[in-house]
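Let's take a walk through this model together, from the whole chain down to a few side chains.

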Amino acid sequence: MSTINRLLLLDLSHLHGNPEQRRAFLTSLNEAARDVGFFYLTHHGIPETLQQQLQQQARAFFALPDEEKQHDDSRGFCLWHFWA
C-alpha cells in the first residue's frame, strides 16, 4: 500500500474537453477515488458563497456531540451511516 502525501487537483472542465483530456481526467478521478478517497475539484460551477455556506454548515454539524449527530433524523434517516 502506498503512502499518499497530497490530494489530487482535478479540473472538471477536462471531462468535457478533447478525448485526451477526458481520458486523463477520468484516470485521475479513478485513481484519487480508489487510492485516496478524496480530491480537490476545480471548475465545477458551484458559487463561492454556496461553498462557504456548506463549509459553515458542515463545521456546525461536526461540532455537535456525537450522540446528537447520530440521531439527527430531521431528514428522515440516521446520519450515522454517512459520517462514521
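How much accessible surface does the protein have, and what share of it belongs to carbon and sulfur atoms? The total comes to about 7,100 Å², and 56% of that belongs to carbon and sulfur atoms; areas here follow the Shrake-Rupley method with a 1.4 Å probe, and for residues only the protein chains shown count as cover. Please keep in mind that this is a predicted model, in which local features need pLDDT of at least 70, side-chain atom pairs count only at pLDDT 80 or more, and totals for chains, interfaces and linings use all residues. Residues are numbered from 1 along each chain as its sequence is written, and side-chain values use heavy atoms, leaving out hydrogens and water.

Of the 84 residues, 11% count as buried, meaning under 20% relative accessible area, with exposed over 50% and partly exposed in between (1.4 Å probe, protein chains only).

Now look at D11, in strand β1. Its side chain makes a polar contact of 2.6 Å with that of S13 (a pair of N or O atoms within 3.5 Å; within protein, one must be able to donate a hydrogen and the other to accept it, and residues adjacent in sequence count only if both atoms are side-chain atoms). Leaving aside residues up to four places away in sequence, D11 touches F25, T42 and H43, with contact meaning heavy atoms within 4.5 Å.

How values were computed:
Helices (H or I, at least four residues) and strands (E, at least two) are DSSP runs, numbered from the N terminus.
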